[in-house]
Amino acid sequence: QRDTIAVKLGDKISIAVLEDAHSLFVARAETERVATLSVRIGSRLPAHRSSTGRVLLSGMPEAD
């Protein structure tokens, strides 16, 4: 078994960038959990509707 952050945490890991008003997922590490929502690399979600997007938005100036 690989010693990844996802394995250590027992959960999936996603890396996304903010593109316009969306989270664009650029990397992903999964675990072998049975019930998980699959977000693929290249997926775009409205930033305000995803936890990854809200984290990205929180670091922006309020005017933006």
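**Figure 1. Ile15 and its place in strand 1.** In this predicted model, Ile15 belongs to strand 1, which covers residues 13-19. The relative accessible area of Ile15 is 48%. Because buried means under 20% and exposed means over 50%, Ile15 counts as partly exposed. Together with Val17 and Val26, Ile15 forms a nonpolar patch on the surface. The accessible area of these three residues together is about 230 Å².

**Figure 2. The hairpin of strand 1 and strand 2.** Strand 1 and strand 2 form a hairpin, with 2 residues between them. In the turn, Asp20 has a positive phi of about 55°. The two strands run antiparallel and are joined by 7 bridges. Within this pairing, Ala16 stands opposite Phe25 in strand 2. As a general principle, strands of a sheet pair through backbone hydrogen bonds, in either a parallel or an antiparallel arrangement.

**Figure 3. Strand 2 beside strand 3.** Strand 2 comprises residues 22-29 and pairs with strand 3 in the antiparallel sense. This pairing extends over 3 bridges. Here, Leu24 stands opposite Arg44, a residue of strand 3.

**Figure 4. The close-up views in the context of the chain.** The chain contains 2 helices and 3 strands. Read from the N terminus on, the elements follow the order α-β-β-β-α. Of the 64 residues in the chain, 17% are buried. The chain exposes about 5,100 Å², of which carbon and sulfur atoms supply 53%. Among contacts between residues at least 6 apart in sequence, 30% join residues at least 24 apart.

How values were computed
Residues numbered from 1 in each chain as written. Predicted model: local features only at pLDDT ≥ 70, side-chain atom pairs only at ≥ 80, totals over all residues. Heavy atoms only, no water. Patch = residues over 30% accessible without salt bridge, like charges linked within 9 Å, V, L, I, M, F, W, Y side chains within 5 Å. Areas by Shrake-Rupley, 256 points an atom, 1.4 Å probe, with all protein chains shown as cover. Salt bridge = Lys/Arg side-chain N within 4 Å of Asp/Glu carboxyl O. Helix = DSSP H or I, 4+ residues; strand = E, 2+ residues; numbered from the N terminus. Buried < 20%, exposed > 50% of the residue type's maximum accessible area, 1.4 Å probe, protein only. Contact = heavy atoms within 4.5 Å. Pairing = 2+ DSSP bridges.
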